Structures are given as C-alpha cells and as structure tokens.
Amino acid sequence: MNAHTRWLMGLALGIVALLATGCDRGPKSVRGFVLPEGSAQRGEQVFVGMKCTACHRVDGLPSLPAPTVAADRVVVIGGEVARVKSYGQLLTAIIHPSLELSSKMPRELAQKSSVSPMPSVNDQLTVMQLIDLVTFLQPQYRKLEPLYEPYYTMTGM
Ligand code: HEC
C-alpha cells in the first residue's frame, strides 16, 4: 500500500466515522424532530393529485390510478420489507430523493445515474400536505418478521 492509497483510506474511514456519529449530534441533527398528526385520507388525495401515481404503485391499493411510465420503471411503495421505513426516511425520500437512492430504484436507471428521476415537489407541497403524504405512506410498509419493539405493541399498528 503506497502513501497515497493510505491517505485515501484514511480519508474514507474519516468520512464513514463522521457519517456514523454526525447524524445524531450537532446543529444539523434531526434528533427531536417529530411531526404533528396527519390524515392518511388527505395524504392519499395528495399522492394522486401530485401525480405520484405516474411512477408509483402502492402495495395493496390497486384502486389508485395506474402508473403511466413503463412497467420496469414503476417503483412499488409499501408491502413487505425487511425494515419498515420511518417517517424520517419517507420525508427524506420525498423532499431530498437523491440523497440516498432507494434500493427500489429501477436497476437500469441506477446504472446510468445517481440522481433520482423523482421531480421535486418542494415548491408545491404545503407542510401539511407533506405530513399527510407521510401519514398515508408510512403504514403501507409491513415488516416481514414480527416486530418486537415495545413501541410497536403500544401503538397497535
Ligand atoms: C418520474 C417518476 C416518479 C415520480 C413522479 C415520483 N417518484 Fe417517487 N420514486 C421514483 C423512483 C425512480 C424512486 C426510487 C429512487 C429514489 O430513491 O428516489 C422513487 C422513490 C420514492 C420513495 C421511496 C420508496 C422506497 O420504499 O424506498 C418514496 C416514498 C417516493 N418515491 C414517494 C413519491 C411521492 C410522494 C411522489 C409524488 C409527490 C413521487 N414519489 C413521485 C420515481 C418517481
């Protein structure tokens, strides 16, 4: 390993360490961020009204308008997943989609670009609409295995 490789590895490790610890602390931390209650029913209307259905199917809701993109570009929201999406992750997926591309990004697109094809709705959505959207989407994700977290039984979701 030459000095340059070592330097690069050091840098990479530094970045990983920063990412691992940096999220919970500091002025940019999202700790303590809690959304007020929203309405899943209104969220569904926003989902349809904002044409999210052009690219998305929602698992278990076949009555929503059908996607208009090619079948291999459709991204299914919800269904059985190994890890249920938190509202923080869903909010980020909506208002900052390219930060971390979903594993559901169609493979062909993912090979070409690291930018999400999702159009930005940040200038159109009201805060309440965003909350309603997440309230609608979050319960669509079901965990594959039973959840043992105490919070799960408490909320009875
Ligand atoms: C032009 C197509 C397109 C439109 C329109 C679109 N999306 Fe997406 N969406 C995608 C693609 C592709 C991904 C996967 C890549 C990524 O993570 O951004 C995605 C990912 C997501 C995810 C993460 C899903 C998961 O389980 O990982 C959510 C949530 C989401 N979109 C919500 C929305 C909402 C809400 C709207 C409407 C305001 C919307 N999308 C409009 C294409 C679209």
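Among contacts in the chain between residues at least 6 apart in sequence, what percentage join residues at least 24 apart? The figure is 58%, in what is a predicted model.

**View 1. The whole chain, end to end.** There are six helices and four strands here. Follow the sequence and they come up as α-α-β-β-β-α-α-α-β-α. The chain runs to 157 residues, and 12% of them count as buried.

View 2. H5 spans residues 127-137. Eight of its eleven residues are buried, so the rest of the structure largely encloses this helix. The buried set is Leu130, Ile131, Asp132, Leu133, Val134, Thr135, Phe136 and Leu137. As for packing partners, these buried residues of H5 sit against helix H2 (40-49), S2 and H3.

**View 3. A closer look at Leu137.** This is one of the buried residues of H5. Set aside the neighbours within four places in sequence, and Leu137 is in contact with Gly43, Ile77 and Leu90. Leu137 also turns up among the residues with the most contacts inside the largest nonpolar core.

**View 4. The buried side of helix H3.** H3 covers residues 87-95. Its Leu90, Leu91 and Ala93 are buried. Those three span an arc of only 160° around the axis, which means they lie on the same side of H3.

**View 5. The largest nonpolar core.** It holds 13 residues, and the ones with the most contacts inside it are Phe47, Leu90, Leu130, Leu133, Val134 and Leu137. H2, H3 and H5 each put in at least two residues. Which helix gives the most to this core? That's H5, with six residues. As background, nonpolar side chains in soluble globular proteins tend to be buried together.

**View 6. The shell around the ligand.** The ligand is surrounded by 25 residues, with Cys52, Cys55, Ser102, Met105 and Ser116 the closest. Strand S2 (75-77), helix H3 (87-95) and helix H5 (127-137) are the elements that each give two or more residues to this shell. H3 gives the most, with three residues. Sorted by class, the shell has 19 nonpolar, three polar and three charged residues.

Definitions and conventions
Residues numbered from 1 in each chain as written. Predicted model: local features only at pLDDT ≥ 70, side-chain atom pairs only at ≥ 80, totals over all residues. Near = placed C-beta within 6 Å. Nonpolar A, V, L, I, M, F, W, Y, C, P; charged D, E, K, R; others polar. Buried ≥ 20, exposed ≤ 12 C-beta atoms within 10 Å, placed from the backbone. Contact = placed C-beta atoms within 7 Å. Arc of directions from axis to C-beta. Core = buried A, V, L, I, M, F, W, Y, C linked by C-beta atoms within 7 Å.
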